[in-house]
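I opened this entry to look up annotated positions and what surrounds them. The notes follow in the order I checked things.

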Amino acid sequence: MADVWQSSMDHAVAVARKAGEMVRGALKDDRTVMTKSSAVDLVTQTDQKVEQLIIQSVKEKFPTHRFIGEESVAAGESCNLTDDPTWIIDPIDGTTNFVHAFPFVAVSIGFSVNKQVEFGVVYSCLEDKMFTARRGRGAFCNGEPLQVSEQTDALVTHLTCVFRVRGAGTAAINMCLVASGCAEAYYEIGIHVWDVAAGSLIVSEAGGVLLDVDGGDVDLMSRRIVAANNRTIAERIVKEIESFTLQRDDAPLQS
Ligand SMILES: O=P(O)(O)O[C@H]1[C@H](O)[C@@H](O)[C@H](O)[C@H](O)[C@@H]1O
Ligand SMILES: [Mg+2]
């Protein structure tokens, strides 16, 4: 990656830290649910405030960059990835955790150019862990290099009856667990591009493998992903799970 994106990445890390402070503060006194479109799809005022904080601060520094943010899309903005530099933002990944004070909550910022993720930042707010990756330059947690595990006996961070299962309740942190070598794999159908844009690069830069749940190449707009420490485990998951298709994130908006 050309060094031209380093200042964007530095800004992403700084604003993710600031956003994390806001999330930690709100955990103490502002976890009220504003809307609930399903049992798992909650929105709080903090989700919206954090997204605004990130977008405003990026706009000031990089006025030509574009955005895909969970709350902006919920408010009706389009979710199309173009070749332009684009910040893909999940202000609180793990909103249900946040509402319950379950201590795994992340700010996730992916940055894509020419539809390719160039860097990813996941800040696990309560653990105070800053996960970062730049394409071709490795993945790190608080500055320490990350490497996926060499285990062949898989611990998986999502539901399946074949593997041992743990789950943090946030796609971004689940993927960082794989990148850190604490779990061998994560898969999910139903996630969105903002949940996995940053985490997917962190996994692949830590030496992991990404697949679609049908075994093809991963497509960040398809709402499905398998992330594993190696291809054998990724392919075993593909074989074991029953896949299905959901409306893509970039499907045309219904008029
Ligand atoms: O909506 P937010 O941003 O909190 O994120 C989602 C998580 O990332 C999923 O892993 C998880 O399974 C849920 O779908 C959750 O909603
Ligand atoms: Mg999310």
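**Record positions, part one.** I began with the UniProt record, an unreviewed entry, which lists Glu 70, Ile 92 and Asp 195 under "binding site". These positions are spread over 126 residues of sequence, yet they cluster in space, with a largest C-alpha distance of 9.3 Å. I note here that the model is predicted.

**Ile 92.** I found Ile 92 in strand 4. Is Ile 92 buried or exposed? I count it as buried because it has 32 C-beta neighbours inside 10 Å, and the cut-off for buried is 20 or more. Setting aside residues up to four places away in sequence, I listed its contacts as Val 23, Thr 46, Asp 47, Val 50, Phe 98 and Val 105.

**Asp 195.** I located Asp 195 in helix 6, which covers residues 193–205. Asp 195 is also buried, because 28 other C-beta atoms lie within 10 Å. Which residues does Asp 195 contact, leaving aside neighbours within four places in sequence? I wrote down Asp 90, Asp 93, Ser 108, Ala 171 and Ala 172.

**Record positions, part two.** I looked up each of them in turn.

**Asp 90.** This residue, Asp 90, lies in strand 4. I scored Asp 90 as buried because it has 33 C-beta neighbours inside 10 Å. Beyond its neighbours within four places in sequence, Asp 90 is in contact with Glu 70, Ser 108, Ala 172, Trp 194 and Asp 195. Glu 70 and Asp 195 are among the positions that the record lists.

**Asp 93.** I found Asp 93 in strand 4 too. It counts as buried, because 34 C-beta neighbours fall inside 10 Å. Not counting residues up to four places away in sequence, Asp 93 touches Ala 106, Ser 108, Thr 170, Ala 171, Ala 172 and Asp 195.

**Ligand 1.** Which of the 13 residues around ligand 1 come nearest? They are Asp 93, Thr 95, Thr 170, Ala 171 and Asp 195. By class, I sorted the shell into three nonpolar, four polar and six charged residues. Domain 1 (3–143) and domain 2 (155–240) both contribute residues to this shell, so I place ligand 1 between them.

**Strand 5.** Strand 5 spans residues 106–113, and eight of its eight residues are buried.

**Pairing of strand 5.** What does strand 5 pair with? I found six bridges joining it to strand 4 (residues 86–93), with the two running antiparallel. Within this pairing, Ile 88 has Gly 110 as its bridge partner. Strand 5 also pairs with strand 6 (residues 116–124), again in the antiparallel sense, over eight bridges. There, the bridge partner of Ala 106 is Ser 124. Two residues sit between strand 5 and strand 6 in their hairpin, and Asn 114 takes a positive phi near 50 degrees.

Conventions. Residues numbered from 1 in each chain as written. Chains lettered and ligands numbered in written order. Predicted model: local features only at pLDDT ≥ 70, side-chain atom pairs only at ≥ 80, totals over all residues. Buried ≥ 20, exposed ≤ 12 C-beta atoms within 10 Å, placed from the backbone. Helix = DSSP H or I, 4+ residues; strand = E, 2+ residues; numbered from the N terminus. Pairing = 2+ DSSP bridges. UniProt positions renumbered as here; feature names shortened; annotations may be inferred. Contact = placed C-beta atoms within 7 Å. Near = placed C-beta within 6 Å. Nonpolar A, V, L, I, M, F, W, Y, C, P; charged D, E, K, R; others polar. Domains from an automatic or database assignment.
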